[in-house]
Amino acid sequence: MLPEIGHFSLILALFVALAQASLALAGAARGNAAWIAFARPAARAQLLLVAISFIALGGSFFTNDFSVLYVAQNSNSQLPWFYRIAATWGGHEGSLLLWLLMQTGWAFAVSFFSRQLPEAMVARVLGVLGLVTAGFLLFVLATSNPFERLMPPAMEGMDLNPLLQDIGLILHPPLLYMGYVGFSVAFAFAVAALLAGKLDSAWARWSRPWATAAWLFLTLGIALGSWWAYYELGWGGWWFWDPVENSSFIPWLVGTALIHSLAVTEKRGSFKNWTVLLAICTFSFSLLGAFLVRSGVLTSVHAFATDPRRGVFLLILFAVVVGASLVLFALRAPKVSTGGQFSLVSRETLLLVNNVLLAAAAGAVTLGTLYPLLLDAFDLGKISVGPPYFNAIFVPLMIPALLLMAIGPAANWKSAKIAALTKQLLHPAWIALIVGIGAPLLLGRWSVLIALGLGLAAWIAASVAIGVMQRVRATRSGPLKQPRSWLGMHLAHLGIAVFVTGVTLVMGYETEQDLRMEPGATVQAGSYDLTFRGVTKATGPNYEAEIGDVLLSKNGKALRTLHPEKRDYFSSDMPMTEAAIDANGLRHVYVSLGEPLGGGSWSVRVYFKPFVDWIWIGCILMALGGLLAISDRRYRLKRRRRQTDTAAHGVDA
């Protein structure tokens with residue numbers, strides 16, 4: 001009965017979502033307090049119903065119920081129990097159910113943490129979220145039912161995709177979806193403000209922590225996906241500009257512009273229309289990513305193989321959401337005041353330029369991702385757009401953005417003096433110049449790109465450090481006594497500096513060797529020696545493996561033994577690579593097995609990657625900066641402020 005319970009819960013959730021959307025929006029428009037009050041309990045009921053459905057599907061996986069088609073396609077009785085649970089979201093239908101769980105979870109959080117906001121505004125936000133949820137519930141029930149029965153039941157399941165049988169699968173999709181779906185809250189606040197006709201700084205203040213939280217999760221999700229691909233696919237790269245990678249990176253770029261624009265709208269009342277447009281675009285790009293991954297138009301290890309009908313449904317949903325919100329924006333935007341004035345040299349101007357650069361970068365990545373698909377769709381030929389295009393377009397746009405990252409926080413709002421800015425940034429500039437020129441020479445190879453990357457990283461890190469010291473000196477209180485949003489901004493910028501350092505050093509100094517090794521052969525990687533000592537066979541719970549034995553040593557001293565694997569899963573004809581990595585925070589020695597070459601010899605791939613961990617450490621620091629920012633006290637509105645906002649945003653607004 002579990003599948004039937006889960007399916008029925010989804011049907012009930014659809015009716016609740018439709019009721020929530022219609023009553024909440026109509027109640028806010030008419031000033032009907034009873035209809036407005038319905039929004040909060042409806043949002044909580046939706047989460048309960050979708051959670052019941054999700055638990056029912058997870059229970060079907062745990063008990064190996066192969067009478068459920070989705071379970072039979074994505075599980076196996078030999079699959080370890082924790083992968084059986086994670087397989088709940090390992091395929092198209094289950095991942096959509098996870099999306100719905102996240103969607104209703106965010107709506108529940110809004111209903112719970114928005115008690116200080118005007119009831120009419122909350123009703124509009126929850127009404128918009130209800131419409132989005134209803135669209136996805138219709139999609140699941142009409143085209144992607146995870147509870148469809150298989151008659152007669154299968155005797156055994158087809159197993160989970162071997163690529164996904166990894167700890168990364170357990171964590172990566174939930175984090176990524178939390179980011180994707182979280183931007184629907186910022187979208188809902190923007191649409192609610194348009195409906196109310198109140199595009200002032202209040203809605204930006206209410207929306208900002210939600211947008212930052214979504215950005216935080218998306219940052220972690222992208223970083224974890226990069227890490228998973230790095231060690232699981234055996235190719236040794238951390239980013240390949242894969243179309244599905246791009247589908248998550250594009251909303252991250254626009255979302256980064258959004259959280260900066262929200263800061264200007266909240267503090268200065270400027271960029272109101274631009275901020276609303278960014279909120280609409282960020283969630284729209286999240287929906288576009290869902291379409292690309294699930295429509296069948298992409299071929300990728302990350303994509304879900306689905307039939308075209310699902311793609312058409314998602315395309316219609318995307319068109320409705322984007323079209324309706326842009327029409328509303330077009331009707332309301334001309335009536336919005338320009339907001340606070342600012343001079344050419346000011347923090348507002350610098351943030352605006354930063355936003356334009358991020359938007360241009362997102363546009364360039366979108367073009368490179370979609371253009372080959374459009375050519376193919378109109379039968380105009382097939383082309384491949386790869387890393388050379390993206391690197392040539394993206395990097396030049398990011399260089400000025402990184403330069404502005406240090407200048408922006410140092411500039412005053414409204415108006416800044418060039419002389420004061422120059423004086424404040426003089427020391428970071430000298431540090432950046434010294435590091436950019438000197439560090440590559442000390443590392444043994446100098447190039448313009450390495451010098452530029454390290455110089456920019458030093459420029460940002462030094463400006464953060466000096467900015468913190470100046471603030472501490474001016475306020476006469478320790479760094480931890482400063483506002484959390486301010487600390488979060490600087491920590492996120494420091495994370496960018498660490499990330500840029502990692503990327504620069506990996507790209508500049510990594511070594512790669514593909515070679516034939518017989519037992520006893522030794523190869524050098526950096527200052528380390530790797531001795532291949534042969535391969536042994538082993539059996540796992542649902543696979544057979546050939547495990548390499550590689551001795552890692554330095555200056556004749558043995559350090560450890562690495563065990564790269566080549567696995568053959570019982571349910572798949574495709575062998576899987578499990579890389580072996582020795583890491584110490586400053587470098588990776590990375591070994592993966594290729595194919596047997598006879599006589600005990602194997603093809604072996606060996607990488608030496610300096611500072612590659614700093615790429616993911618930088619992402620973690622960015623996410624921690626976002627966490628600090630959303631915990632700032634000023635987002636907990638006091639009751640007297642609530643009363644003021646209620647007067648300004650009355651139910652008839």
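Predicted model: local features only at pLDDT ≥ 70, side-chain atom pairs only at ≥ 80, totals over all residues.

A charge sits over a ring if NZ of Lys or CZ of Arg is within 6 Å of the ring centre and within 35 degrees of the ring normal. Residues are numbered from 1 along each chain as its sequence is written, and side-chain values use heavy atoms, with hydrogens and water left out.

**Aromatic rings**

- Rings of Phe, Tyr and Trp (its six-membered ring) pair if their centres lie within 6.5 Å; planes under 30 degrees apart count as stacked, over 60 as edge-to-face and the rest as tilted.
- Searching the whole structure turns up 32 aromatic pairs.
- Tyr590 and Tyr607 are edge-to-face, because their ring centres are 5.3 Å apart and their planes stand at 80°.
- Tyr590 belongs to strand β9 (residues 587–598) and Tyr607 to strand β10 (residues 601–610), so this pair ties together parts that are 17 residues apart in sequence. Helices (H or I, at least four residues) and strands (E, at least two) are DSSP runs, numbered from the N terminus.
- Both Tyr590 and Tyr607 are buried; buried means under 20% relative accessible area, exposed over 50%, and partly exposed in between (1.4 Å probe, protein chains only).
- A cluster linked by ring pairs is made up of Trp215, Trp239, Trp241, Phe249, Trp252, Tyr389, Phe390 and Phe394.
- Arg445 also lies over a ring face, that of Tyr509, at 5.6 Å from the ring centre.

**Helices that pass each other**

- Axes are lines fitted to C-alpha atoms, for helices over the stretch in contact, and angles run from 0 to 180 degrees between N-to-C directions.
- Helix α8 (residues 167–196) and helix α11 (residues 272–294) have axes that come within 8 Å and cross at roughly 140°.
- α8 and α11 are therefore oblique to each other: angles under 35 degrees count as roughly parallel, over 145 as roughly antiparallel, 65 to 115 as roughly perpendicular and the rest as oblique.
- The axes of α11 and helix α13 (residues 347–377) come within 13 Å, crossing at roughly 25°. This makes α11 roughly parallel to α13.

**Backbone details**

- Where is Trp241 found? Trp241 is in the loop between α9 (201–232) and α10 (243–268).
- Phi of Trp241 is near 55°, which is a positive value in a residue other than glycine.
- Trp241 counts as buried because its relative accessibility is 10%.
- Asn555 lies in the loop between β4 (543–554) and β5 (557–562), and its phi is near 55°, again positive in a residue other than glycine.
- Asn555 counts as exposed, because its relative accessibility is 73%.
- Met151 and Pro152 are joined by a cis peptide bond, with omega about -5°. Pro152 sits in the loop between α7 (119–143) and α8.

**Cysteines**

- How many disulfides are there? The count comes to zero, where a disulfide is a pair of cysteine sulfur atoms within 2.5 Å.
- Cys281 is partly exposed, at a relative accessible area of 26%, whereas Cys619 counts as buried at 9% relative accessibility.
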